[in-house]
Amino acid sequence: MKAIVVVDRKLAIGRSGGLLFRIPSDLQHFRRETLGRTCIMGRKTLESMPKGQPLPGRNTIVLSKSMPEGVFWEKDGFIALAVGSREAVYRALAEFALPEAVVCGGAQIYRLFLPDCDELIVTEVEDEADGADAFFPYFQGEFELREKTESVEENGIRYKIARYQRKTDETEPADGGEPQAGSAEDGEP
Ligand SMILES: NC(=O)c1ccc[n+]([C@@H]2O[C@H](COP(=O)([O-])OP(=O)(O)OC[C@H]3O[C@@H](n4cnc5c(N)ncnc54)[C@H](OP(=O)(O)O)[C@@H]3O)[C@@H](O)[C@H]2O)c1
């Protein structure tokens, strides 16, 4: 599973239920990364979409304990459905044979699924937004940078797109598994 997000320098992602930055070229990037796939999002992020509707051209699974469970939207062969738990997301992916899941936020949903993600696609805005109230979880300890674009500027906003991959066991210290030769003989009576 992968997640896609736009963050500022302090990992802020939102303010008052909306996004912090309007970057049309980044919206195109989001579109390319999610089209034909399955967006996993929280009820508040769904409400922040145009007309509070799922985005066309992709499937959407909305997490909510307040929405009725089940399919509530269908268009061009894509569906959106509401589920009431993290486990129900996996059941829905299997039951409806939905393609590749992409975690699309917001803060609560990123926190819930970060442990299941092996890739993060992070638009890193080179700025600090005022008044942010939603944040992406700290992830740098568990993920390593795989690639990063050059800095791009649009609407006076500079950003780079970075791809991070979950660290593997191979990144543990090289001597971590070595037996402590001689310690028993040296230390024990
Ligand atoms: N920068 C970005 O890339 C980006 C991306 C997406 C969103 N955002 C921003 O993030 C902010 C929204 O984030 P948020 O954390 O406030 O809201 P959110 O994660 O979008 O949605 C929270 C809602 O999800 C439901 N939920 C959470 N955990 C659940 C669970 N375990 N089981 C079932 N339902 C669960 C609940 O809905 P009910 O209350 O209905 O039960 C909860 O109120 C907005 O400002 C938005 O613009 C930013």
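Analyst: Two strands are said to pair if DSSP finds at least two bridges between them. Strands (E, at least two residues) and helices (H or I, at least four residues) are DSSP runs, numbered from the N terminus. The model is predicted: local features need pLDDT of at least 70, side-chain atom pairs count only at pLDDT 80 or more, and totals for chains, interfaces and linings use all residues. Residues are numbered from 1 along each chain as its sequence is written.

Strand E12 (residues 152-154) is joined to E13 by 3 bridges in the antiparallel sense, with valine 152 bridged to tyrosine 159 of E13. The hairpin that E12 and E13 form has 2 residues between its strands, and asparagine 155 there adopts a positive phi near 50°.

Strand E11 (residues 143-148) is held to E13 by 5 bridges, and in E13 glutamine 165 lies opposite glutamate 144. In general, strands of a sheet pair through backbone hydrogen bonds, either parallel or antiparallel.

A further sheet is open and antiparallel, with 3 strands in the order E3-E2-E10. Its edge strands are E3 and strand E10 (134-135), each of which pairs on one side only. Between E2 and E3 there are 2 antiparallel bridges; arginine 15 has glycine 18, in E3, as its bridge partner.

Strands E2 (12-15) and E3 (18-19) are also among the elements that give two or more residues to the shell around the ligand. That shell has 29 residues, of which Gly14, Gly42, Gly105, Gly106 and Ala107 come nearest; a residue is near a molecule or strand if its C-beta atom, placed from the backbone, lies within 6 Å of it. Helix H4 (107-113) gives the most to the shell, with 4 residues.

As to confidence, pLDDT is the predictor's confidence in each residue, from 0 to 100. The protein averages 92, and 90% of the residues score at least 70.
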